[in-house]
Amino acid sequence: MADLNELLQTPLHALHLELGARMVPFAGYAMPVQYPAGLMAEHHHTRNAAGLFDVSHMGQLRLSGPEAATAFESLMPVDVIGLGLNRQRYGLLLNEEGGIIDDLMFVNRGSDLFVIVNGACKHGDLTHIQARIGGRCTVTPQFDRGLLALQGPQAVRALQRLLPGAESLVFMTGRAFEWEGAGLYVTRSGYTGEDGFEISLPAASTEAFARALLAQPEVKPVGLGARNSLRLEAGLCLYGNDIDTSTTPVEASLGWAIQKVRRTGGERAGGFPGAARVLAQLDGSEPVTRKRVGLVALERVPVREHTELRSTDGQSIGEVTSGLLGPTAGKPVALAYVTPAHATVGTRVNAIVRGKAVPMEVSATPFVPNRYVRG
Amino acid sequence: MTTKYTEDHEWIRVEGDTATVGITAHAQDALGDVVFVDLPEVGKTYAQKDVAGVVESVKAAADVYMPVSGEITEVNEALRDDPSLANSDPLGAGWFFKVKLSEPAQLDALLDASAYDDFAKNA
């Protein structure tokens, strides 16, 4: 384990320590894995009220200039040019083989594209983006800004007291706010399956704003441990576990992220790294050999990442990439890659846990229903 | 009746030729909310340091080692049904299993309470 003293600190570091957080190394930062309430209580509080997450380790960057959308679209299989003003979308940076370099969120703010990438990938992403499109638009990293997530059914009630008007945002839209002289950018989105917001703000204002949120009766701090159990129940991929440079969007069951306009026959079909392979996988002309699925265990035994999966007749058919006992689902849930023949919902498979077969069933995701506010 | 501790953060309470085994308060605190335990089979014999079970929180899984050699005489079925006993009462109702000692001399090398406290503080 890295020495905690050698790690980077987010703008909330002192607040985490004051709140009694257990700090762990994550993406090069010292991050709170849980507070004294514990993972389980933090998980349930987010599903029932509102949880505040420090996600300042993630990478924020701006792409600006008249060609920014066209240029960014050349790196991803998604529709960037057609994204409406103030709208947010999920995107995927791909390599030449169609493997996923990172997954990200971006907003069309009119004057720029505001992009949020994974903390562990941010320096590599910046290098990649600058090398590929740095000549066509201005790429401005904002790695020093703070990023907070406020998630849960009561998030809107708490946030609108500080930022009147936040309630008028709908899922996957964003807007600028001012709070005590600081410029904030808020989107209604998140990584828990709940209604909620992500708030980008200057480092110097991050602690004061976090304290103001924690002073609201609905809000408690939530660490990375519950962030992981919440996102897994929501069926959302964790980069590095469920997707990486060896998985394509189609293998990862992320075909929904590829809009029609970029697919074969679309107006702007292809033209992104790995397009030949990804589009062939998408239309079935190059069948995939594995597919990401959700799994639910039929016994109360947690099934964790790297657990081998076998068919009911004993053949090795894949591997779990994320798995835990879902606190809200009330049963073990997992994401896994299996052969396409075993990827249909309802298929029985066995997970080999400590030499014993634990029966599982391929399940639709999310494991806990989403509660996004779509307006 | 004496209680000893291991560097694997387990306790072993000895009464005659049998002993009860569980995880320490420090261990349950480090793991967090325990959601699953896998207990050994009654009647099975294990050597010292063999993996005899598993304790899992949402976040992590840890092996439970045999602190001494012997035969399993009883396991805590109540813990299987309610793994949170390992958090709420780790040294009492949250016990894991009982073992009939085959080499009682192994106990001598285990830690006493104050030696374990020092060890856990620096862990």
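This is a predicted model: local features need pLDDT of at least 70, side-chain atom pairs count only at pLDDT 80 or more; totals for chains, interfaces and linings use all residues.

Me: What pLDDT does chain B have, and what ipTM does the complex have?
Reply: pLDDT is the predictor's confidence in each residue, from 0 to 100. Chain B has a mean of 96, with 100% of its residues at 70 or more. For the complex, the predictor gives an ipTM of 0.87 and a pTM of 0.95.

Me: Why is chain B called as compact as a globular protein of its length?
Reply: The radius of gyration is taken over C-alpha atoms, and the globule rule is 2.2 Å times the number of residues to the power 0.38. For 123 residues the rule gives 14 Å, and chain B has 13 Å, which is close, so chain B is as compact as a globular protein of that length. Its C-alpha trace spans about 35 × 35 × 20 Å along the principal axes.

Me: What does the globule rule give for chain A?
Reply: A compact globule of 375 residues would have a radius of gyration near 21 Å, and the 21 Å of chain A agrees with this. The C-alpha atoms of chain A fill a box of roughly 65 × 50 × 45 Å along the principal axes.

Me: What makes the side of chain B that touches chain A?
Reply: Two residues are in contact if their C-beta atoms, placed from the backbone, lie within 7 Å. The contact takes 10 residues from chain B and 14 residues from chain A. On the chain B side, strands E4 (34–38) and E6 (51–57) each supply at least two residues, and the largest share, three residues, comes from E4(B). That side divides into five nonpolar, one polar and four charged residues; Ala, Val, Leu, Ile, Met, Phe, Trp, Tyr, Cys and Pro count as nonpolar, Asp, Glu, Lys and Arg as charged, and the others, Gly among them, as polar.

Me: Which strands close into a barrel in chain A?
Reply: Two strands pair if DSSP finds at least two bridges between them. Six strands of chain A close into a barrel in the order E15-E18-E17-E16-E19-E20, with antiparallel pairing, and the twist averages 45° from one strand to the next. Strands E19 (residues 348–353) and E20 (residues 356–363) of chain A share six bridges and therefore count as paired. In E20(A), A:Glu361 is the bridge partner of A:Arg348.

Me: What makes E1(A) and E2(A) the edge strands of their sheet?
Reply: Three strands of chain A form an open sheet in the order E1-E3-E2, with mixed pairing. E1 (8–9) and E2 (22–26) of chain A are its edge strands: each pairs on one side only. E1(A) and E3(A) (residues 29–34) pair in the parallel sense over two bridges.

Me: Why is A:Thr173 called partly exposed?
Reply: A residue is buried if 20 or more other C-beta atoms, placed from the backbone, lie within 10 Å of its own, exposed if 12 or fewer, and partly exposed in between. A:Thr173 has 19 and is therefore partly exposed. A:Thr173 is in the loop between helix H5 (155–162) and strand E11 (174–179) of chain A. Not counting residues up to four places away in sequence, A:Thr173 touches A:Asn86, A:Arg87, A:Gln88, A:Thr187 and A:Arg188.

Me: How do you know that E11(A) and E12(A) pair?
Reply: E11(A) and E12(A) (residues 182–187) share six bridges in the antiparallel sense. A:Gly174 has A:Thr187 as its bridge partner in E12(A), and A:Thr187 also stands opposite A:Glu198 in E13(A).

Note on methods: Residues are numbered from 1 along each chain as its sequence is written. Chains are lettered from A and ligands numbered from 1 in the order in which they are written. Helices (H or I, at least four residues) and strands (E, at least two) are DSSP runs, numbered from the N terminus. Axes are lines fitted to C-alpha atoms, for helices over the stretch in contact, and angles run from 0 to 180 degrees between N-to-C directions.
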